[in-house]
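Subject: Structure for your review

Dear colleague,

Please find below the structure that I am handing over to you. My notes on what was found in it follow directly after.

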Amino acid sequence: MTGKARADGEGSIYPHRNGFAAYVWVTTPSGDRKRKYVYGKTREEVHDKWLKLHQEAKKGPVATRVPNLGPYLNYWLEEVIRPNRAPKTYVNYELFVRLYIAPFLGDKRLDRLQLREAQKWVNKLPSVCQCCAQGKDARRSRAKQRCCALGRCCEQAPSGRTIKDIRDCLRSALNYACREELISRNVVALVTLPTLRKPKRQRWSSDEARRFLESAKAENDPLYAAYALVLIMGMREGEVLGLPDEAINFETSELDISWQLQRVQKKLLHRQTKTPTSDDTMPLIDIVTTALKLRLERRERDKEKADAWLDSGLVFTTEHGTPIEPRNFLRSWATRCRKAGVRYITVHDGRRSCGSLLADLDVHPRVAMRILRHAQFAVTMEIYTEISSDQTRAALKKLGDSLQ
């Protein structure tokens, strides 16, 4: 009596429509035993797929039904990112998926995405004008159209840094798909990105920072204390605007930094800082203590004058007690730069200036890391490499004198 041609669970290859098909019994991620099918035009092609499927089945669970990338990314955003990550992270990832990933790869089956396809997608992103793709100029009235709708493409393509962020978003989603055992490897982690040339950051000298603060103090700028916190304490814009009253302890001369204010999806959110390393209790120095006391006195006067006062519990508020819009704070910063007669730099570059000025004063990098509350020492050292021209000139002079 003839024995079986194949053992139990080995599967079978057979003619199917215009080619061949095969199946292998596999264990799914849920623990069930099911058939997994592969198809091809020739028996040899199906045989190779069949052997590969056998190898995957031996390694561990195999999904029998794999979704397309588009629907899977929607699931990942709503069930993984939205409940477990910061609101701004969800907003950024949703934008990357909607504008840059789904239109190009959304109809690709998750387990069939190849490295070559992922690389072509990354290579194409720098040439895709988002004004054209989203119809930005076309949505304007004919009188206000100025570029793409008139045939003069503005080439509003994503920068190298944005492309890296987009790749990181998709890589994170596919890493989760690997954990769910829907795919065996993450091909997006293997793509080659464009070489990034870091932009040269602006920083103020100690003289420029002093002129900026002196100008704000002389004109009784209501945000003088906020500027001092950025330039002297190295605080971020959101941390300054979200600073609650109870964060200040004048008796112990300490400032608790653990909250931030953010505008996310048309909502103003007062929430904890993004990472635990951003939280800290910092000592207050005299200039900052004086500035904060002036700010609280100013707020009390505003409260007495206001017809209606909304007590938000924040140190920095409008004349009616409401939180200050982050965009309005940026405008006030730019206006103060102009009035002080100093070069315009962003608020974040003001924070970076704090780090650079600490380096000029020979403050130990580990101390600066504590002040700036960086999660990684390398980030602090990157700022510390931005030495002022005066220090560079002095070092070169010292070298030249030694060689004479």
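One aromatic cluster is formed by W204, F212, Y227, F329 and W333. Please bear in mind that the model is a predicted one.

Within this cluster, F212 and W333 make a tilted aromatic pair, with 4.7 Å from centre to centre and 45 degrees between the planes. F212 belongs to helix α7 (residues 206-218) and W333 to helix α11 (residues 326-340), so their contact ties together parts that are 121 residues apart in sequence. F212 counts as buried because its relative accessibility is 0%. W333 is likewise buried, its relative accessible area being 0%.

In total, the structure contains 9 aromatic pairs. Another of them joins F96 and Y100: the ring centres are 6.5 Å apart and the planes stand at 55 degrees, so this pair is tilted. Both residues lie in helix α3 (residues 87-105), and because they are 4 residues apart there, about one helical turn separates F96 from Y100. F96 and Y100 are both buried.

R35 is placed over the face of Y23, 4.2 Å from the ring centre. K293 lies over the face of F250, at 5.4 Å from the ring centre.

Turning to the strands, β1 (residues 12-16) and β2 (residues 19-27) pair in the antiparallel sense, and 5 bridges link them. Y14 stands opposite A21, which is in β2. The hairpin of β1 and β2 has 2 residues between the strands, and R17 takes a positive phi near 50 degrees in this hairpin.

Finally, I draw your attention to the second largest pocket, which holds about 1100 Å³ of space. It is lined by 33 residues, and those closest to its centre are K36, K52, E56, D111 and S184. Which element supplies the largest share of the lining? That is α1, with 7 residues. At least two lining residues come from each of β3 (33-40), α1 (43-59) and α6 (160-179).

With kind regards

How values were computed. Residues numbered from 1 in each chain as written. Predicted model: local features only at pLDDT ≥ 70, side-chain atom pairs only at ≥ 80, totals over all residues. Heavy atoms only, no water. 1 Å grid on protein atoms, 1.4 Å probe; cavity = no way out; pocket = protein on both sides within 12 Å on 5 of 7 lines; lining within 4 Å. Points joined across faces, edges and corners; volume = space filled by probe spheres on them. Pairing = 2+ DSSP bridges. Phe/Tyr/Trp six-rings, centres within 6.5 Å; stacked < 30°, edge-to-face > 60°. Buried < 20%, exposed > 50% of the residue type's maximum accessible area, 1.4 Å probe, protein only. Lys NZ or Arg CZ within 6 Å of the ring centre and 35° of its normal.
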